[in-house]
Amino acid sequence: MANWVAPSVVALLGAKWTMAIGGVAYVGFIAAIIHPIEGVIYALAVLLGFCAGPLWTAQGNYLTMCSDKSTMGRNSGLFWAQLQTSLVVGNAFVFFYLKGDTDNITLTERYIIYGALTGCGVLGVLLLLFLKKKTEAAQEDFQISFTAGKEKPKSDATSSAYGAFLTAVKLMSTREMICISLFCFYTGLDLTFFSSVYDTSVGNARIPPIFGPQLSTKYVPLTGLCIGVGEILAGIFFGLFGKKFVRHGRDPVVIVGLISHIICYYLVFASIPSNAPFYPVYDDSKTPYNLPLGPNLYLALVAAFLLGFGDACFNTQIYSIIGALYQEDSAPPFALYKFFQSLSAAIAFFYSPHLLLQYQLLILVFFAVIGAAAFIHVEWRLKRYAGYTPIQ
């Protein structure tokens, strides 16, 4: 819910200081795990949730202010690639240093891990303080209305906290934001799947494979690493060739991401038992669970790579289109983006412990197709009218 007040916070404090304060909340939560106290961790987790919404809104807002119409795609791709390096570094550390065993972490290992993470967090917050101050008013006004064909009028109200909140509310009624929100809703479902459901299913699928190595909990970090590699490669690729993609449209990138995810979901459906999200699955039969492909490490890593690659396709293009449509006032749409993503992620966390894997995959495919179609609709309107619906 903090995403609804995030535009007001950014309007009051500015993007730079909003990111710095949000970063402090992240550092505090990580540091608390060094000497964990249950009540303190829960309290800091709630604080982190409230600070995360404004932080991500401010991050998208600042990225937009550092970009223009021709560089937004490049900058969002490179930002996404840098962001996802944490998946590679973290999972590689767990696989090689902890040998994939996260159930028996010693006190010394906890001090080393969370001490290092706290230090990195402090360094990151300090680096935020050196960011140059940016203002949206200094940017080029290139947006044009779909209907009136006029430049978006500037208003003193939009620079205030109350005006920023009203802008977010009014923005939600526009056709473009409704369509983009459907796509954002899917990215939240996808986020829960690859951050919680998929790695749990891989670790629990301990039945004899049809071919290749047998899955085990020690290989779970490798799936996270492959997700990160897919995210990074897609981010770098779309970052380096961002201008060309914007010139030809964002819809081909979204279609590539959609195909990647559908292939991934089929591989998961054909190789992971339906009850693997709940508990370890053992079966000594010759045709375990009648799975067409059967659990094995190679398929798990390929599916993980496709999952990360498609996720990067989607999120980089959301950043790009929001930056292009709402460059003059980007905090409200980024807040709505994170609101719908967080909402759907919470819904998925609620149903994932209760639904068999094939039903979860069916939900993902349905919203992936609907969300991609809605995004492409906005992209085609943007090509046709070279602008967006103004917020009156």
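Modeller: A residue counts as buried when its relative accessible area is under 20%. By that cut-off, 51% of the 392 residues of this predicted chain are buried.

Biologist: What does the accessible surface of the chain come to, and what share belongs to carbon and sulfur atoms?

Modeller: The accessible surface is about 18000 Å², and carbon and sulfur atoms account for 69% of that area.

Biologist: How many helices and strands does the chain have?

Modeller: The chain has 14 helices and zero strands. Among the helices is helix 9, residues 220-240, which spans 31 Å from its first C-alpha to its last. That is close to the 30 Å expected for its 21 residues at 1.5 Å a residue.

Biologist: Is helix 9 mostly covered or mostly open?

Modeller: Helix 9 is mostly covered, with 16 of its 21 residues buried.

Biologist: Let us turn to the rings. How many aromatic pairs are there?

Modeller: The structure contains 14 aromatic pairs. One of them joins Phe185 and Phe367, whose ring centres are 5.3 Å apart with 45° between the planes, a tilted arrangement.

Biologist: Which parts does that pair tie together?

Modeller: Phe185 belongs to helix 8 (residues 175-204) and Phe367 to helix 14 (residues 357-385), so the pair links parts 182 residues apart in sequence.

Biologist: Which residues form an aromatic cluster?

Modeller: Phe79, Trp80, Tyr319, Phe334 and Tyr337 form one aromatic cluster. Tyr337 also has a charged residue over its face: Lys338 lies there, 4.9 Å from the ring centre.

Biologist: Where else does the charged end of Lys338 sit over a ring?

Modeller: The charged end of Lys338 also sits over the ring of Trp56, at 4.2 Å from the centre of that ring. Lys338 therefore meets the criterion at both Trp56 and Tyr337, for which NZ of Lys must be within 6 Å of the ring centre and within 35 degrees of the ring normal.

Terms used. Residues numbered from 1 in each chain as written. Predicted model: local features only at pLDDT ≥ 70, side-chain atom pairs only at ≥ 80, totals over all residues. Heavy atoms only, no water. Phe/Tyr/Trp six-rings, centres within 6.5 Å; stacked < 30°, edge-to-face > 60°. Helix = DSSP H or I, 4+ residues; strand = E, 2+ residues; numbered from the N terminus. Buried < 20%, exposed > 50% of the residue type's maximum accessible area, 1.4 Å probe, protein only. Areas by Shrake-Rupley, 256 points an atom, 1.4 Å probe, with all protein chains shown as cover. Expected span 1.5 Å × (residues − 1).
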